[in-house]
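Reader: I am new to reading protein models. Could you take me through one?

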Amino acid sequence: MGGVLAIGFLLCSLVLLFDPSVSHPLCIDSRAPSTLSTPIKFCSYNGTACCNSTEDSQIQKKFLSMNISSSACASLMKPVLCARCDPFAAELFTVASVPRPVPILCNSTLPSANSSQSLIQVTSDFCSNLWDTCENVSISNSPFAPSLQGQAGIPVNSTVSELTQFWQSKADFCNAFGGVSSDDSVCFDGEPVKLNDTGTPIPPHGLCLEKIGNGSYLNMVAHPDGSNRAFFSSQEGKVWLATIPEEGSGEVMELDESSPFVDLTDAVHFDTAFGMMGMAFHPNFAENGRFFASFNCDKEKWPGCTGRCSCNSDVNCDPSKIGSDNGAQPCQYQTVIAEYSANGSASQPSLATNARPTEVRRIFTMGLPFTGHHGGQILFGPEDGYLYFMMGDGGGTGDPYNFSQNKNSLLGKIMRLDVDNVLSASENDKLALWGNYSIPKDNPVSEDPELRPEIWATGLRNPWRCSFDSVNPSYFICADVGQDLYEEVDVITKGGNYGWNVYEGPYPFNLPNSTSKNTTTKLTDPIFPIMGYNHSVVNKNEGSASITGGYIYRSTTDPCMYGRYVYGDLYAGAIWAGSEDPENSGNFSTSKIPFSCGRDSPIACTAVPGSSLPALGYVFSFGEDNRKDIFVLSSSGVYRIVRPSRCNYTCSKENVTSAATPGPSASPNDACWISNPPKTAVFLVSSLVVLLLHSFV
């Protein structure tokens, strides 16, 4: 038994060797840094920053109130205060998820600061320099007064104002305030954070696929128990539980079409642009059996379709003036999130192979003004446990009623809901909620009372496939379907406005001959895409394009893809891999990559006539299993990204990593990463990443 445990520990340790350092621009309040039209006056930041002019003035007042008696010390304390404006402030002011009053000061005496995985080169010991310069200097209201993490220190309300009276020694001071951030990536050296520029990454030679299933599915969710199982769902409303074979085993996935996990077809309205739009399993599904479905219903055919119309007086919209759309009346079709349970069908929920199709609770219901652009993806945040709900602008060319920019409308938004706590009927009515949920206290409404409380981000057209990075969950990435010109990929942040319908991607958007659109909308700080593509570069024969968002690749199956964001186009003409230049800087580049099907694929792949490309058909979605392998869900079947050598692509890293890649076990109790994984092994855990469908433009 001891030998087995030792081998298991060794395998887990080997995989941890591949954990990269991660950091990206983000402010302390989880918002994206703002683009400055002019540099702020006191703090030396320009371009992008986490402070505006008002906050800059507040920092200046705090600095002056400190009455620092030494000019040399003052020259070091000023940038420490101004670090709150740094585009990497969220990293600088956080260690192990605990906020700090001052940034993490670069300290070359700590091993992690000189780690080969650190993204910065610590050429000076700023922490020691600050101590040596300021240790005996009188400072009022010193930010270094509070003790950190149980280190030496004295109460905040002390009248002492010299570092030597707060801290026993330089070692104690730098042990508390020095180091690098939680991800061993950044620290503060007195200057704005700059990451090493390692040059533009070389794109992989190609992406190799194997076909493991013939069915056409629109959603895939890795089983929350961490095993090699996953849930697949169809647009019609059926969900199946499948077993994923080992890569290279020559086996196909096990899925019994005649025995679905749950059948919701009685409630789901299925049509070209309607159906079951997504599914999500509660983070504690293995214990509580709770899971959720997002789907469309027809109020003329199903009595449970009873939501309020999203076109209403609160958003300056009159449904009687819209008219019919593709034969449907305004809000005839609705979007629904409902809760279901797997309890009672097995000794424990994680062992359940079926569930009842009876709703436990209606979470959300809302009528749709038109027949398109209704998103519908749902997924749980891996760190906060809240349910994120992606909603399109409701349809109509150019968002004619300006729903995406209307703060009272939930159309064209990403919502963030608490489904663990339900408000009383009176509280619900007071907030005019759309169902049974509550509002997280830190939603953007806490800072912008004009927003609907459900809103997390605004200005989306039709968000199609979002995902949290399993290594760095603050990377919440969404693809957003464009109209006539540009398909985009965005990093979603708290309160971010992504521009539609003032911008389409990076381009100003104008809807001609519109009498209903709010043409006076001016965006003060829109967030532009990190990557994307123009319609002209894909599918020239059909003359259209529609993006399908994917995942940051975190499997070691293809190590040359590791850390790259994989996404594609609905019409299967191209797949892209995006990367940051330099790594983890927030500056992205993207390139098309060739893809083909391995000759030893368990199911033989057919080719597009007159082309070497596999005949994928329509690429509806991407999926990710507990091993972090990525799957392509298309109209012709289920494909998995596999070792590049199986398609004769060259990857120098392949042989190095192949021996250190343990796969998930068939039993949830056999996987070494199930119990209390360290943060560096997050990508091995089954962080619930919900895999949902792509709607048509």
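Predicted model: local features only at pLDDT ≥ 70, side-chain atom pairs only at ≥ 80, totals over all residues.

Reader: Which peptide bond is cis?

Author: The bond from Trp500 to Asn501 is cis, and its omega is near 10°. Asn501 sits in the loop between strand 21 (486-491) and strand 22 (503-504).

Reader: Why point that out?

Author: Most peptide bonds are trans, and most residues other than glycine have a negative phi.

Reader: What is phi for Ala432, then?

Author: Phi of Ala432 is near 55°, a positive value in a residue that is not glycine. Ala432 belongs to the loop between helix 9 (425-431) and strand 18 (455-457). Its relative accessibility is 30%, so Ala432 counts as partly exposed.

Reader: And Asn648: buried or exposed?

Author: Asn648 counts as exposed, because its relative accessibility is 64% and exposed means over 50%. Its phi is also positive, at about 65°, although Asn648 is not a glycine. The residue lies in the loop between strand 32 (637-642) and helix 10 (654-658).

Reader: Changing topic: what is the strand order in the open sheet of 4 strands?

Author: The order is 19-20-21-24, with antiparallel pairing. Strand 19 (463-468) and strand 24 (531-534) stand at the edges; each has a single partner strand, so one side of each has no neighbour in the sheet. From one strand to the next, the twist averages 10°.

Reader: How many bridges join strand 19 to strand 20?

Author: There are 4 bridges between strand 19 and strand 20 (residues 476-480), and the two run antiparallel. Ser467 stands opposite Ile477 in strand 20.

Terms used
Residues numbered from 1 in each chain as written. Heavy atoms only, no water. Buried < 20%, exposed > 50% of the residue type's maximum accessible area, 1.4 Å probe, protein only. Pairing = 2+ DSSP bridges. Axes fitted to C-alpha atoms, helices over the stretch in contact; angles between N-to-C directions.
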